[in-house]
Amino acid sequence: MKVNIHVIIRSLLVSGCMLLTVSCSDSFFQVNNPNQVSEDTYWQTEDDALMALAACYDALQSDNLYDDYIDADGFGFLMRETSTDNGHHSWGSWMVGSNIARGTSSTADYYFPKYWNANYELIKRCNMLIANIDRIPMTEEQIGIYKAEAIALRALGYTNLISVFRDVPYLDKPLTLKEAEAPKTLKTEIVNAILADMEANNPKLPAKGSEAKGRMSQEAAYAIMGRIALFDQRWEKAIAAYGKVVGKVQLFKSGDGTDYAANFADLFTVANETCDEVLLSVHFRGPGLGEGSTFGICWSAPMNAIEGSMNLCDEFYCTDGLPLDKSPLYQGNVEDYDVTAPDLVRFENRDPRLKATLMVPGMEWNGKVYDYVNTKMAAVSTCAIRKWFTPNDTANEYDGSLDFYIIRYAEVLLSLAEAMIEKGGYSQSEITKHINEVRARVGMPAVEDVEGTGLSQEQLRAIVRHERRVELAFEDLRFADLYRWGEWENNVKRMQRDETVYGINYSGYSRTYRGAQDEVWPIPRAEIDSNSKLEQHKEWK
C-alpha cells in the first residue's frame with residue numbers, strides 16, 4: 001500500500017512523535033524523558049509503524065538540519081554554507097556559525113550542539129523504529145522496507161556527523177538507562193557498519209518511481225551509500241553504489257532543453273521539485289498547513305543577512321568553459337571590482353548556473369531589475385543568494401512550499417567521476433562523460449573541448465572539484481568537501497583574497513586559519529560534561 005508520508009505528519013506532532021522526540025536544548029544522551037509514550041502500548045498497529053516512520057522523515061525538517069530559520073537563530077544548511085568560502089554572514093560576527101568562519105570557535109559555541117542534536121535526533125528516531133518494527137503484525141516485505149528506509153536515513157545522519165565531527169558515538173539501537181553513556185567510535189568503523197547495513201537492506205527498497213511519495217527509493221539509498229563511501233575515500237565502494245543509480249534517472253531539463261539557464265534555474269521551483277533528478281528531498285507543504293519551510297525568508301528582497309562570496313561568483317566560468325582570467329568573452333576586470341558601482345558586464349557571457357545560484361547586480365527580483373544604485377543590495381560582496389529563494393511568493397516566505405533537495409542526480413554523476421579519478425585505472429573518456437553530462441545540461445562545453453585530452457589525475461581532480469562547487473553551491477556539501485580535500489586553509493585564503501583584491505569588507509571581520517583544530521568540529525562541551533566515556537578530539541584538548 002502506498003501512503004503519502006505527509007498525511008500523517010500533522011497528527012504525528014501531537015501523538016506518536018512524543019515517543020520519539022527529545023528537547024534539543026538538552027544533551028542528546030538523555031534517556032529518561034517523562035513525556036514519552038509507553039513502548040508497551042505504542043508498537044501495535046501498522047498505523048503506529050507509519051507514524052514512527054513519518055517521525056524519521058520529519059526529523060529532516062529541523063531548522064538546524066535541512067531547513068533554516070535565520071530569524072530564530074537556526075543553524076541550517078544556508079548558515080552552514082555561508083560559514084565556508086561560498087558565502088558570508090552580512091550582519092556580523094554574532095551570527096550563527098561565524099566563529100567557524102573566523103577561526104575563533106570553541107568547544108562551548110552553541111551551534112555545534114545544534115547540528116549534533118539534529119542529526120542524533122534523526123538517528124534516535126530511526127533506531128526506535130528498527131528496534132520495534134518486528135513487534136507489529138505486518139508482512140515480512142513491509143517490515144523489510146520500513147527497516148531499510150530507517151537504515152538509510154540513519155546512514156544519512158551519520159554521514160553528516162562524521163563529515164564534520166569525524167569520530168562520534170555510534171548508536172545502532174535505542175539507549176537505555178544502563179547505556180546512557182557512549183564512547184566515540186572511529187569514523188572508519190562507523191562507515192564499515194553503515195555500508196554493511198545498507199548492502200544488506202537497500203535491495204529491499206522499491207525502485208525509483210514506485211516508492212510512495214516522500215519516501216526512500218532504492219536509488220536514493222544507494223546515493224547515500226555512495227556519498228558516505230566517497231567521504232571516507234572508499235573509492236571502489238562509492239563506484240559500486242553510484243553504479244546502481246547511473247542510468248536509472250536523468251537530469252532535469254526545462255521544456256525542450258534549449259534554454260540552458262532555465263534548465264538549471266527552473267529545477268529549484270515548486271513546479272519541478274518531484275522531477276526525476278531529485279533522488280531524495282525534504283518535503284515541505286504550505287502555505288497555511290504548519291509544514292512549510294523557512295529557509296526562503298528574505299523580507300521581500302534579496303536576502304541581506306547572509307550572502308554569496310565574490311570568489312564563488314568568480315568560480316563560474318565564461319560560456320566558452322574558460323576561467324575569467326583566460327576567456328576572451330570576459331568583459332570585466334579580473335582584479336578590480338568596485339562594490340559601490342559594480343560593472344554589470346562582468347556578469348555577462350557566464351555559466352548559466354551563476355544567475356540561478358547568485359543574485360548579482362542587473363538581475364530581476366520578482367519581475368523587476370533590482371535597484372542596486374538607490375537601495376543598495378545589502379550583500380557587501382553584491383552577490384546575494386538566489387538558489388532556494390522564491391521572490392514570486394514572498395508572502396509565504398515563513399511557510400514555504402519548496403522542498404530542499406538532499407541528493408540530486410547531478411551530485412551522483414560528479415561523485416562517481418571523482419571516485420573514478422581517485423581510484424585510477426579509468427580512461428579519461430570514462431570519467432569525463434559523467435562531468436560532461438552535467439555541463440551539457442547548461443550548455444557548457446565538454447572537458448575535451450576546453451581542457452583537451454591526456455589530462456593527468458591532478459588536472460581531472462581540479463576539474464571535478466570546480467564542477468562540484470558551481471553545480472552544488474548552497475546544497476550543504478561544501479563543508480564536507482573542504483574538510484575531506486584538506487582545503488580549509490585555502491578556503492580561508494580565498495576569502496582573504498576577496499578582502500585584499502576586491503576591497504570587500506565582510507561585515508568588519510576577517511578569517512584566519514589556526515591549523516588542525518579548524519579542520520574538524522569539536523565534540524560539544526555539554527556532551528563531554530554529561531558523558532564520562534566521551535573524549536574530546538585531540539585537536540581541541
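1. Trp388 sits in the loop between strand S7 (384–385) and strand S8 (404–408). The model is a predicted one. Phi of Trp388 is near 85°, a positive value for a residue that is not glycine. The residue counts as buried, because its relative accessibility is 1% and the limit for buried is under 20%. Trp388 also belongs to the group with the most contacts inside the largest nonpolar core.

2. Phe474 is another residue to check for backbone geometry. Its phi is near 65°, again positive in a residue other than glycine. Phe474 is placed in the loop between helix H18 (457–472) and H19. Its relative accessible area is 0%, so Phe474 is buried.

3. Gly286 and Pro287 are joined by a cis peptide bond, with omega about 0°. Pro287 lies in the loop between strand S2 (278–282) and strand S3 (306–308).

4. Next, the core. The largest nonpolar core has 161 residues. Leu60, Tyr158, Met216, Trp388 and Trp521 have the most contacts inside this core. Helix H7 contributes the largest share of the core, 14 residues.

5. Which residues does Tyr158 contact, leaving aside its neighbours within four places in sequence? The partners of Tyr158 are Tyr120, Ile123, Val168, Pro169, Tyr170, Leu171, Ile190 and Ile194.

6. Thr159 is in helix H7. With a relative accessible area of 2%, Thr159 is buried. Leaving aside neighbours within four places in sequence, Thr159 is in contact with Arg227, Ile228 and Phe231.

7. Now the open space. The largest pocket has a volume of about 580 Å³. It is lined by 34 residues, and Ala265, Asp266, Lys355, Ala356 and Arg386 are the closest to its centre. Helix H11 (260–265) and helix H13 (354–357) each supply at least two lining residues. H11 gives the most to this lining, with four residues. By type, the pocket lining splits into 16 nonpolar, ten polar and eight charged residues.

8. The largest cavity holds about 130 Å³ of space. Its lining has 15 residues, of which Tyr115, Ser163, Asp476, Phe479 and Ala480 are the closest to the centre. Two or more lining residues come from each of helix H4 (77–81), helix H7 (140–164), helix H9 (218–231) and helix H19 (478–485). H7 gives the most to the cavity lining, with four residues. The lining of the largest cavity divides into seven nonpolar, three polar and five charged residues.

9. On charge pairing, the whole structure has 41 salt bridges. Asp197 pairs with Arg154, the closest N and O atoms being 3.0 Å apart. Asp197 lies in helix H8 (residues 187–201) and Arg154 in helix H7, so this bridge ties together parts that are 43 residues apart in sequence. Arg154 is buried, at 5%.

10. Arg346 and Asp343 form another salt bridge, with the closest N and O atoms 3.9 Å apart. Arg346 has a relative accessible area of 0% and is therefore buried. Asp343 is partly exposed, with a relative accessible area of 24%.

11. The side chains of Glu489 and Lys493 meet in a salt bridge at 4.0 Å, N to O. Both residues lie in helix H20 (residues 488–502), four residues apart, or about one turn of the helix. Glu489 counts as partly exposed at 34% relative accessibility. Lys493 counts as partly exposed too, at 45%. The salt-bridge limit is 4 Å, so a cut-off check on this pair is worth noting for Glu489 and Lys493 at 4.0 Å.

12. Last, a network. Salt bridges link Glu277, Asp351, Arg353, Lys387, Arg408, Arg439, Arg441, Glu451, Glu467, Glu471 and Glu475.

Methods
Residues are numbered from 1 along each chain as its sequence is written. This is a predicted model: local features need pLDDT of at least 70, side-chain atom pairs count only at pLDDT 80 or more; totals for chains, interfaces and linings use all residues. Side-chain values use heavy atoms; hydrogens and water are left out. On a 1 Å grid over the protein atoms alone, a cavity is a set of points where a 1.4 Å probe fits but cannot get out, and a pocket is an open set with protein on both sides within 12 Å along at least five of seven lines; lining residues have an atom within 4 Å of a point. Grid points are joined across faces, edges and corners, and a volume is the space filled by probe spheres set on the points. Ala, Val, Leu, Ile, Met, Phe, Trp, Tyr, Cys and Pro count as nonpolar, Asp, Glu, Lys and Arg as charged, and the others, Gly among them, as polar. A nonpolar core is a set of buried Ala, Val, Leu, Ile, Met, Phe, Trp, Tyr and Cys residues joined through side-chain atoms within 4.5 Å. Buried means under 20% relative accessible area, exposed over 50%, partly exposed in between (1.4 Å probe, protein chains only). Contact means heavy atoms within 4.5 Å.
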